[in-house]
Amino acid sequence: MEPSPKDGESAAAAEPSRGGTAPSSGVVVQVREKKGPLRAAIPYMPFPVAVICLFLNTFVPGLGTFVSAFTVLCGARTDLPDRHMCCVFWLNIAAALIQILTAIVMVGWIMSIFWGMDMVILISQADKKQIPKQATPPETI
């Protein structure tokens, strides 16, 4: 008597392999995250500033987000290139106010900590994506 496959196994897994690997269909899947306007307004700050904002957001909800709003006025880029910097500044101020006002019920505090983590993650991912500059060959005389 032959044992039947268990519930978690498929009948195909119980059969011996038919000569190697499964054929590849050649489909390429690309996933891009769609960000809302508040999330896309998080600025790409220098790494130490992002860590300070995370620290501030952890202990005083919304304070790090408030500080990060001013980095937009200092030239930090965001994922909203089509909006004016004043609009992005006010979006960050709105996010900070939401975090401060809802911190009473712990939602704002949690949101504030995650916002600070997003600041650090954004800049660390941006650093990895940058292609190092190639050295120029020395000039020959």
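Let's start with a pair of helices: the axes of α3 (residues 47-59) and α6 (residues 107-129) come within 8 Å and cross at roughly 170 degrees. Angles over 145 degrees count as roughly antiparallel, so α3 is roughly antiparallel to α6. Keep in mind as you look that this is a predicted model.

Which residues make the contact between them? On the α3 side you will find Phe47, Ala50, Val51, Cys53, Leu54, Asn57, Thr58 and Phe59. Facing them from α6 are Trp109, Ser112, Ile113, Trp115, Gly116, Met117, Met119, Val120 and Ile123. Sorted by class, this contact has 13 nonpolar and four polar residues, with no charged ones.

Now step back to the whole protein chain. Six helices and zero strands are found in it, giving the pattern α-α-α-α-α-α along the sequence. Of the contacts with a separation of 6 or more, 70% are between residues 24 or more positions apart.

What about burial and surface? Of the 141 residues in the protein chain, 27% are buried. The chain exposes about 10800 Å², and carbon and sulfur atoms supply 66% of that area.

For residues 88-115, the chain is 82% helix and 0% strand, with the end C-alpha atoms 15 Å apart.

Terms used
Residues numbered from 1 in each chain as written. Predicted model: local features only at pLDDT ≥ 70, side-chain atom pairs only at ≥ 80, totals over all residues. Heavy atoms only, no water. Axes fitted to C-alpha atoms, helices over the stretch in contact; angles between N-to-C directions. Helix = DSSP H or I, 4+ residues; strand = E, 2+ residues; numbered from the N terminus. Parallel < 35°, antiparallel > 145°, perpendicular 65-115°, else oblique. Contact = heavy atoms within 4.5 Å. Nonpolar A, V, L, I, M, F, W, Y, C, P; charged D, E, K, R; others polar. Buried < 20%, exposed > 50% of the residue type's maximum accessible area, 1.4 Å probe, protein only. Areas by Shrake-Rupley, 256 points an atom, 1.4 Å probe, with all protein chains shown as cover.
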